[in-house]
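Here are a few notes to go with your copy of the model.

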Amino acid sequence: MPKQSFLSLIVWKQHLVFWLGAIVVGLVIVAMTLLSEWAANVYRSLSILYPWFHFVIPPVGLGITAWITFRFFPGSERSGIPQVKTALEIAGNLEARNQLISLRIALGKLLLPIMGLISGASVGFGGPAVHIGASIMLSLGKAVKFPPHYMEKGLIIAGSAAGFAAMFSAPLAGIVFAIEEMGRTLEERISSLVLTAIVFSGVTAYALLNSYIYFEDESLRMPWGQHWLAIPVCGIAGGFWGGLFSKITIAGGRLLKRSGLPFVVIAIACGGVIAALNFLSDGATVGTGYQQTKAILNSTAPLGISFPFLKMLATCATFFSGIPSGIFVPSIATGAGLGIDLAYWLPIAPAPVMILLTMTAYFSGMLQSPLTSFVIVMEMTNSHEILIPLMATAFFATGTSKIMNPVPLYLALCDAYSTLGTSHNSVKN
């Protein structure tokens, strides 16, 4: 196909669709974020007024939400990232792709997680944001009749990255996520070698200079010495628990699928588990986890040593229920909880540093995407001053997780959708 001039109207139309699509995605994600906080607050307020609320609403609410999901919005279930990754591998089969990405699915992904939050579930919006972004961008491309080469992957990757970046207000993390998790254009061994080289050169420079030249925040500085033991400690501990979460998620999903139980029955049972966890945590496991993470980072609320484990279990139960829900933000809260526990039991570095390192480690252990993990934590917390420790921790965590799970979480979850499309377009390993 001949190269078109930058001044061409066709070229400008394509640029405008990408730009406007990204703005629309951002606005939708902002609305979803505001609704999520409202929904979580509604549940907490009602649970305080009515003691029975914790025990009745989660099973009933999740059962209804799961029924609506699979009856009216099939394809919108759970995270949405496996659906988007699978859609990227489907070429020339629009009918199969529409089962995974469409405006109908985006609508379900926008509204049903809010129902999950009102039902007391541990709902994340990272995966749904990716799914919504890809669906909106691809639908805009269809509306303006984009060229096929854009329709195959470009719009899907752009939309998913826009959704991710908007959810976390982290554009750099969105770019890295698109390359590392959605595109996988870097072969995994090479990306690990690059990460290792950066860590080694950074550690060498720091050991020789023994200072951060450009940063003044003493609370996040890690002088060379004992503090750096926190990197392997947080990396291995966070990577182990993140890997365990992935293992439970993958194995539990396969077990439930083989059981043949109706999805509504599974959702009601998961709601019962969530009800018990909400009661045991005094409501701390309800919602996205954003407020809990903020409280941990600001040291404004004691959540208890059991919080990260209860939050992890509540997130697993929400995933198994089948309702549209992500795992990113709840997992950040889990990682922060693990970090404050480690800082209490092994105070080898400042507590804020250990919290951020363990957040990175848990996230990296869960996804086995080290670049995305440390970049998103760095951008969300403005912790550029400990960039090298964050990178090294992500490396330790990913290595630990790979011992437990040879196949990354989202790649394993793609198996449920790999039969869509023609056989030669199945998800690549």
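1. A friendly reminder to begin with: this is a predicted model.

2. The largest nonpolar core has 92 residues. Those with the most contacts inside it are Ile156, Phe164, Phe168, Phe328, Met354, Met366 and Leu390. Helix α15, residues 351-367, gives the largest share of this core, with 10 residues.

3. Met354 is worth a click. Apart from neighbours within four places in sequence, Met354 is in contact with Ala230, Cys234, Gly339, Leu342, Ala343, Leu346, Ile348 and Ala349.

4. Next, have a look at Ser331, which is found in helix α14 (residues 328-345). Ser331 counts as buried because its relative accessible area is 1%, under the 20% cut-off. With neighbours within four places in sequence set aside, Ser331 is in contact with Tyr362 and Met366. Met366 also belongs to the group with the most contacts inside the largest nonpolar core.

5. Now for some backbone angles. Most residues other than glycine have a negative phi. Asp282, however, has a positive phi, near 55°. Asp282 sits in the loop that runs between α11 (263-280) and α12 (290-298), and its relative accessibility of 72% makes it exposed.

6. Gln368 is a residue other than glycine with a positive phi too, near 55°. Its place is the loop between α15 and α16 (370-381). Is Gln368 buried or exposed? Gln368 is buried, since its relative accessible area is 6%, whereas Asp282 is exposed.

Definitions and conventions
Residues numbered from 1 in each chain as written. Predicted model: local features only at pLDDT ≥ 70, side-chain atom pairs only at ≥ 80, totals over all residues. Heavy atoms only, no water. Core = buried A, V, L, I, M, F, W, Y, C linked by side-chain atoms within 4.5 Å. Buried < 20%, exposed > 50% of the residue type's maximum accessible area, 1.4 Å probe, protein only. Helix = DSSP H or I, 4+ residues; strand = E, 2+ residues; numbered from the N terminus. Contact = heavy atoms within 4.5 Å.
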